[in-house]
Every structure is written in structure tokens, then in C-alpha cells.
Amino acid sequence: MDIKHYMNVVGQAARKASRAIARADTNQKNKALLAIADAIERDLERLVAANMVDLENARQNGLEEALIDRLTLPEKTVRGMAEGLRQIAALPDPVGEMDDFTYRPSGIQLGKMRVPLGVVGIIYEARPNVTADAAGLCLKSGNAVILRGGSEAFHSNQAIAACVHEGLRVADLPLHAVQVLETTDRAAVGELITMSEFVDVIVPRGGKGLIERISREARVPVIKHLDGNCHVYIDDTANPDKAFNIALNAKTHRYGTCNTMETLLVHTAFAEFILPRLAAAYWEKGVELRGCERTQGILGDKVVAATEADWETEYLAPVLAIKVVGGIDDAIEHINHYGSHHTDAIVTDDYGRARRFLREVDSASVMVNASTRFADGFEYGLGAEIGISTDKIHARGPVGLHGLTSQKWIVLGDGQIRQ
Ligand SMILES: NC(=O)C1=CN([C@@H]2O[C@H](COP(=O)(O)OP(=O)(O)OC[C@H]3O[C@@H](n4cnc5c(N)ncnc54)[C@H](OP(=O)(O)O)[C@@H]3O)[C@@H](O)[C@H]2O)C=CC1
Ligand SMILES: N[C@@H](CCC(=O)OP(=O)(O)O)C(=O)O
């Protein structure tokens with residue numbers, strides 16, 4: 001395949017489709033979303049079978065457990081995809097929303113109108129449900145999208161793409177509004193991130209290799225959705241049961257996701273009390289603990305000595321780094337230094353410290369007395385998510401319909417001229 005030519009065709013088609021999808025009315029978009037959801041549920045067996053092919057290949061290629069977990073598309077997740085699409089259909093359409101109206105002294109009426117971004121290019125991990133979620137959110141927000149999922153999920157993604165196209169057809173919308181690339185050649189990524197005439201924004205979801213390439217080559221604006229080195233800080237005023245439940249859930253609910261806690265920070269005055277109970281629960285679940293000297297002193301030799309690299313690592317696996325800190329100042333400093341600006345939580349009953357943590361931790365989601373696992377579009381009521389933005393500009397944290405739009409100024413006059 002001539003990748004440059006192929007991507008040129010894809011880009012042109014996306015640009016053309018973006019105009020049609022931008023002016024589609026809400027009923028038409030919802031009709032497509034509901035038809036995609038129906039097609040996904042009807043084709044459940046076909047989707048699971050396509051996913052089996054990907055899983056078989058992944059196992060033969062020795063893919064890591066966390067990646068296999070993300071790649072797996074069980075019946076429950078397929079139904080979840082359909083449910084997510086129905087939820088997106090039920091959400092208010094942001095396109096065309098007008099607000100901030102005011103009259104200027106000149107007599108013009110000034111306001112803002114919410115509009116789609118245009119063509120969105122998404123490069124994401126081998127997680128097939130993202131294909132449906134991203135397609136649904138882009139569709140509802142009036143954007144055309146070019147989807148480049150992880151190569152290990154190729155068959156699953158193509159099977160989902162067929163359902164998406166069926167829905168677009170039913171609603172009489174252009175099929176090129178959602179294009180799932182039909183190649184796993186990384187040269188296509190190189191084209192996608194440089195074709196600024198066809199693509200308005202790139203959303204990269206991934207790790208270090210992807211970041212490096214994007215930073216080096218992208219000529220299209222980027223909203224980074226990068227790694228999650230997330231923390232929970234247990235303060236000495238924490239309610240013990242809340243601290244235990246949150247720290248356990250944040251690590252063990254799902255190991256491979258970007259909102260999973262990777263480092264636990266514990267106030268020095270609380271460490272001896274809470275760590276033994278927590279460690280027993282982690283070990284029971286097979287989590288390896290790597291700790292600072294103080295942690296080792298409390299928990300013994302079973303804890304591996306943590307190195308500088310551990311504070312920086314996103315394990316995406318049953319491994320947890322633990323550090324005993326002097327208090328909230330040390331905790332905030334550690335998080336802002338080693339974290340990835342994704343999601344961090346404090347467990348405390350001290351109102352003032354909770355407020356300080358919220359203001360001073362520089363992350364997309366900052367939580368008080370809740371698990372980092374909540375940083376998710378569905379959990380935040382967005383229906384689904386494009387991903388979790390670790391960027392500061394335009395959209396931060398789970399990105400839904402509003403994150404896929406911007407606002408333009410609108411001016412209503414009745415003949416005014418500038419004096
Ligand atoms: N913030 C967020 O919303 C999310 C963050 N992540 C983060 O992603 C990381 C793990 O995901 P993982 O699957 O390993 O991510 P990768 O970065 O390995 O892969 C993600 C996507 O990028 C592509 N890619 C990677 N490197 C390059 C390159 N040099 N050139 C072109 N394409 C490239 C992959 O393609 P190919 O298939 O060819 O490898 C894949 O489509 C974790 O750090 C996780 O936290 C993941 C999902 C969401
Ligand atoms: N949506 C996720 C979190 C974000 C996400 O997709 O990240 P990842 O699992 O790293 O691909 C969840 O908690 O289910």
C-alpha cells in the first residue's frame with residue numbers, strides 16, 4: 001500500500017465529511033448513534049470472535065498481561081460500548097449552543113456559539129472499546145474522526161468500524177465521518193500528524209515512544225493524553241477505613257489502566273498504623289511492594305527497596321511503590337515532581353489540607369477521599385471519553401463532548417457600523 005497516497009485520500013474524505021457532520025441535526029446524529037449501538041449488540045458474537053483473533057496473535061507474540069487485559073473485549077464490554085453510545089445519544093448536543101450574550105454600547109449583540117473542531121485524528125492503544133467511544137463522541141460533537149488504534153487490536157477495530165458505518169448509513173450521514181485506518185503501518189501515523197490541511201487536532205493516547213514521535217514530528221495541534229503516574233496520599237487525619245478502601249481500590253481494581261495508583265504516599269504519623277493492614281491486603285492480591293527505608297522498616301524484608309526509578313514508573317501491573325512522607329508539603333512536592341499530571345488523591349478529614357491539596361497539586365483530576373479509578377469519562381457523566389488529557393490547554397482530564405468543541409464569537413447587528 002502506498003501509505004502517503006492512502007492517507008491523502010483518507011484526509012480529503014475526512015475534511016469533506018466534517019462539513020456534513022458539522023451541520024447534521026441532533027436527531028440525525030442520535031439516530032446514527034442508536035443504530036450503531038443496535039448493530040454492536042446484534043453483532044456481539046462477531047465482535048468477540050474478531051477479538052479472539054487479536055488475542056490469539058497477542059498471546060503468540062508474548063504481549064504483556066496489562067496489554068492483554070486492555071485488548072480483551074468480553075461480552076460485558078461489548079454491551080458497555082452499546083450502553084455508552086446510548087448515553088451519548090441522550091446527552092445534550094453541544095453544537096450550536098449559544099451563550100454569554102451581551103449588548104455592547106455600539107448596539108451590536110455579542111455572544112458565543114459552540115462549534116465542532118473539524119477533523120480529529122486519534123492514535124490510541126490496543127483497546128477496542130475506544131473505537132466505539134471515540135466514534136460516538138466525535139459524531140455527536142459534529143466532528144469527523146480518523147482512528148488509528150493499536151495494531152494488536154486491528155481485527156477488533158475493523159469489526160467495530162463495520163457497525164459504525166452501518167449506523168452512519170442508517171442515518172444518511174457520510175461514512176467517511178468515521179474512518180478506522182485499514183493499515184497498521186506506523187508510517188500512517190507519520191502522515192496523520194503532519195497533514196495539517198486535513199486534520200485540525202491530534203489526540204495521542206499512549207506511552208513514551210508515541211510521545212517522542214509526536215513531539216518530534218507533529219505539525220497538527222496536539223492534545224496529549226499520556227501516561228498516568230497517579231498517587232494516593234494518606235494523611236494522618238484520614239479515616240482509617242476510607243484510607244484502606246481507597247488505597248486498595250486505586251491499586252487493585254484494574255492494574256493496566258492509566259488512572260490506577262502507582263505510588264502510595266503515607267504520613268509518617270499514620271504509617272505504622274495503616275501500612276501493615278494495607279500490605280496484608282496487597283500481598284493477598286499478589287501485589288509486589290517496593291518501599292522507601294521507612295516502609296521497609298515497618299513492613300520488613302518482603303518489601304523490595306524502592307529506587308529513584310520507582311517513583312517515576314507507571315507499572316501498569318501488580319506492583320506498588322510506597323513512600324512515607326513528613327506531611328502534606330512533602331506529598332504535594334513529590335506528586336508535582338514525579339507525577340504525570342493525570343490524577344492524584346488525598347485521604348484526609350482535615351478541611352484545610354483537603355483545600356490545599358486541591359489547589360496545589362498540578363494534575364488534571366485532583367480528588368479528596370475518592371479513588372483515582374474514578375477519573376473516567378463514563379464515571380464523570382460524559383457517556384464515554386476520548387481519553388484523559390494530561391495537557392493543560394483546551395481540555396484537561398476526561399475529554400467528552402465539550403472537549404471536542406470550541407466556541408466562536410458571534411455578532412448580531414442591525415446595520416451598526418464602527419465609529
Ligand atoms: N491518558 C490517557 O487517556 C491514556 C494513557 N495511556 C497511556 O499509554 C501507555 C500504555 O499504552 P501502550 O499501548 O503501551 O501505548 P503505546 O504508546 O505503545 O501505543 C499507543 C498507540 O501509539 C502507537 N505508537 C506508539 N509508538 C509509536 C511510534 N513511535 N510511531 C507511531 N505510532 C506509535 C501505537 O501503535 P502500534 O500499535 O504500532 O504500537 C498505538 O496505536 C501508558 O502509559 C498509559 O497510561 C493509554 C491510554 C489512555
Ligand atoms: N477509561 C479508563 C481510563 C482511561 C483509559 O482508557 O486508560 P487506559 O486503560 O490506560 O487505556 C477506565 O478507567 O476505564
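The legends below describe close-up views of a predicted model. Residues are numbered from 1 along each chain as its sequence is written, and chains are lettered from A and ligands numbered from 1 in the order in which they are written. Because the model is predicted, local features need pLDDT of at least 70 and side-chain atom pairs count only at pLDDT 80 or more, whereas totals for chains, interfaces and linings use all residues; side-chain values use heavy atoms, with hydrogens and water left out.

**View 1. The largest nonpolar core and the surroundings of I40.** The largest nonpolar core has 51 residues, a core being a set of buried Ala, Val, Leu, Ile, Met, Phe, Trp, Tyr and Cys residues joined through side-chain atoms within 4.5 Å, where buried means under 20% relative accessible area, exposed over 50% and partly exposed in between (1.4 Å probe, protein chains only). Helix α6 (residues 129–140) supplies the largest share of this core, seven residues; helices (H or I, at least four residues) and strands (E, at least two) are DSSP runs numbered from the N terminus. The residues with the most contacts inside the core are I40, L47, I122, L147 and I386. If neighbours within four places in sequence are left aside, I40 is in contact (heavy atoms within 4.5 Å) with L47, V78, M81, A82, L85, A132 and C163. A second, separate core of 38 residues includes A250, F270, Y315 and L320.

View 2. Domain 1 comprises 3–225 + 386–412 and domain 2 comprises 230–374, with bounds that come from an automatic or database domain assignment. Their C-alpha centres lie 33 Å apart, and the contact takes 11 residues from domain 1 and 13 residues from domain 2. The two domains bury about 950 Å² between them, 46% of it on carbon and sulfur atoms; this area is the accessible area (1.4 Å probe) that two parts lose on being put together, summed over both. Three salt bridges are counted between the domains, a salt bridge being a side-chain nitrogen of Lys or Arg within 4 Å of a carboxyl oxygen of Asp or Glu. D362 forms a salt bridge with K392, the closest N and O atoms being 2.9 Å apart. On the side of domain 1 that touches domain 2, α4 (65–71), β14 (388–389) and β15 (397–398) each supply at least two residues, and α4 gives the most, with three residues.

**View 3. The salt bridge of K29 and D93.** The closest N and O atoms of K29 and D93 are 2.9 Å apart in this salt bridge. K29 lies in helix α2 (residues 26–42) and D93 in the loop between α5 (75–90) and β1 (98–103), so the pair ties together parts that are 64 residues apart in sequence. Both K29 and D93 are buried.

**View 4. Two residues with positive phi.** Most residues other than glycine have a negative phi. D172, in the loop between α7 (154–170) and β5 (178–180), has a positive phi near 60 degrees and counts as exposed because its relative accessibility is 66%. L316, in the loop between α13 (308–312) and β11 (319–325), has a positive phi near 55 degrees, but counts as buried at 18% relative accessibility.
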